[in-house]
Amino acid sequence: MNNKLNRYARHIKLDNIGASGQEKLLNSKVLVVGAGGLGSPILMYLASCGVGIIGIVDFDVVDETNLQRQIIHSEDFLDMAKVKSAQHTINNLNSNVVVNTYRTRLNESNIAQLFQEYDLIVDGCDNFTTRYLVNKYAVKLNKILVGGALNQFDGQVFTITKDSPCYSCIFPHQPSADSSESCERIGILGTTAGVVGLMQAMEVIKIILGIGENLIGKIQIIDTLNNTHKIFKTNKDKNCKVCS
Ligand SMILES: [Zn+2]
């Protein structure tokens, strides 16, 4: 810790973080699903803040159309696997962070083993199939899940624990795979992805530190075009097929 006192001096100065809070961040293990628009700010800030072990799951390679929002990637890494490009950026930013990369698509046969290695899961994926799968296994394995989603200028952030309503309680009907809200189809402003991803990173850090208000049992709806942030309480569905 001594050699890290300087690096994290501005955290340690904060009354509700201090050296013990920084130690909690350094000892935490977070898995980020998706190294895209949400994953980029999530990964960069979790790394800069000193989360000790970060896992990254993504199957894709870096494409030129990603660069207006996926700030963890750069022109030098076009066509490289996103997990490797992200790892490279994180290593340059904070070489103390251990980065584990998983170039794969999550599915029923690989997800449980992966989730078991981490304390907390952050979902930055861009499709409903993965989002529902991540929710199901976070509940099943009793992992805290900080979820997020994007839609043009809007976003949502929510946190799920084994006792809170889950994503399927909030949105019981999974849209079909072809109705995915893909950025390719509907567009997304780069800075909107940044704002929403950072709200997820903020939520992760507060949960690790046990400070402030969190979004457990709530959903935050962020409209970056009209500058509104609304938080709604969510309700547990007693017939939910995932968490009941
Ligand atoms: Zn549920």
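What percentage of the 244 residues of the protein chain count as buried? The points below begin with that figure.

1. Basis and overall burial. This is a predicted model, in which local features need pLDDT of at least 70 and side-chain atom pairs count only at pLDDT 80 or more, while totals for chains, interfaces and linings use all residues. Residues are numbered from 1 along each chain as its sequence is written. Of the 244 residues of the protein chain, 42% count as buried. A residue is buried if 20 or more other C-beta atoms lie within 10 Å of its own, exposed if 12 or fewer, and partly exposed in between, with C-beta atoms placed from the backbone.

2. Composition and dimensions. The protein chain holds 9 helices and 8 strands. Helices (H or I, at least four residues) and strands (E, at least two) are DSSP runs, numbered from the N terminus. The radius of gyration is 17 Å, close to the 18 Å that the globule rule gives for 244 residues, so the protein chain is as compact as a globular protein of that length. That radius is taken over C-alpha atoms, and the globule rule is 2.2 Å times the number of residues to the power 0.38. Along its principal axes, the C-alpha trace spans about 50 × 40 × 40 Å.

3. Contacts along the chain. Two residues are in contact if their C-beta atoms, placed from the backbone, lie within 7 Å. Among contacts between residues at least 6 apart in sequence, 68% join residues at least 24 apart.

4. The sheet. The open sheet has 8 strands in the order β3-β2-β1-β4-β5-β6-β7-β8, and its pairing is mixed. The edge strands, β3 (98-102) and β8 (228-233), each pair on one side only. From one strand to the next, the twist averages 15°; axes are lines fitted to C-alpha atoms, for helices over the stretch in contact, and angles run from 0 to 180 degrees between N-to-C directions. Two strands pair if DSSP finds at least two bridges between them. Strands of a sheet pair through backbone hydrogen bonds, either parallel or antiparallel.

5. Strands β6, β7 and β8. Strand β6 (residues 154-160) and strand β7 (residues 218-223) run antiparallel and are joined by 5 bridges. β7 and β8 also run antiparallel, with 6 bridges joining them; isoleucine 221 stands opposite lysine 230 in β8. These two strands form a hairpin with 4 residues between them, and asparagine 227 in the turn has a positive phi of about 60°. Of the 6 residues of β8, the number buried is 0, so this strand lies largely in the open.

6. Glutamine 220. This residue lies in strand β7, where glutamine 220 is the bridge partner of valine 157. Glutamine 220 counts as partly exposed because it has 19 C-beta neighbours inside 10 Å. Beyond four places in sequence, the contacts of glutamine 220 include Val157, Met199 and His229.

7. The nonpolar core. A nonpolar core is a set of buried Ala, Val, Leu, Ile, Met, Phe, Trp, Tyr and Cys residues joined through C-beta atoms within 7 Å. The largest such core has 63 residues, of which Val30, Leu43, Leu46, Ile54, Ile121 and Val204 touch the most other members. Helix α9 (residues 190-209) gives the most to this core, with 9 residues. Leucine 46 touches Val30, Val51, Ile54, Ala201 and Val204, not counting residues up to four places away in sequence.

8. Helix α3. This helix (residues 39-49) is mostly covered, with 9 of its 11 residues buried. Among the buried residues of α3 are Leu43, Leu46 and Cys49. Their cover includes α2 (18-26), β1 (29-33), β2 (53-57), α4 (82-93), β4 (120-123) and α9. Just after α3, glycine 50 takes a positive phi of about 100°.

9. Helix α4. At 1.5 Å a residue, the 12 residues of α4 should span 16 Å, and its end C-alpha atoms are 16 Å apart, which agrees. The expected span is 1.5 Å times one less than the number of residues. The buried residues of α4 include Val83, Ala86 and Ile90. Those buried residues pack against α3, β2 and β3.

10. Isoleucine 170. Isoleucine 170 is found in helix α7 (residues 167-170) and counts as buried, with 20 C-beta neighbours inside 10 Å. Leaving aside neighbours within four places in sequence, isoleucine 170 is in contact with Pro165, Ile219 and Thr234.
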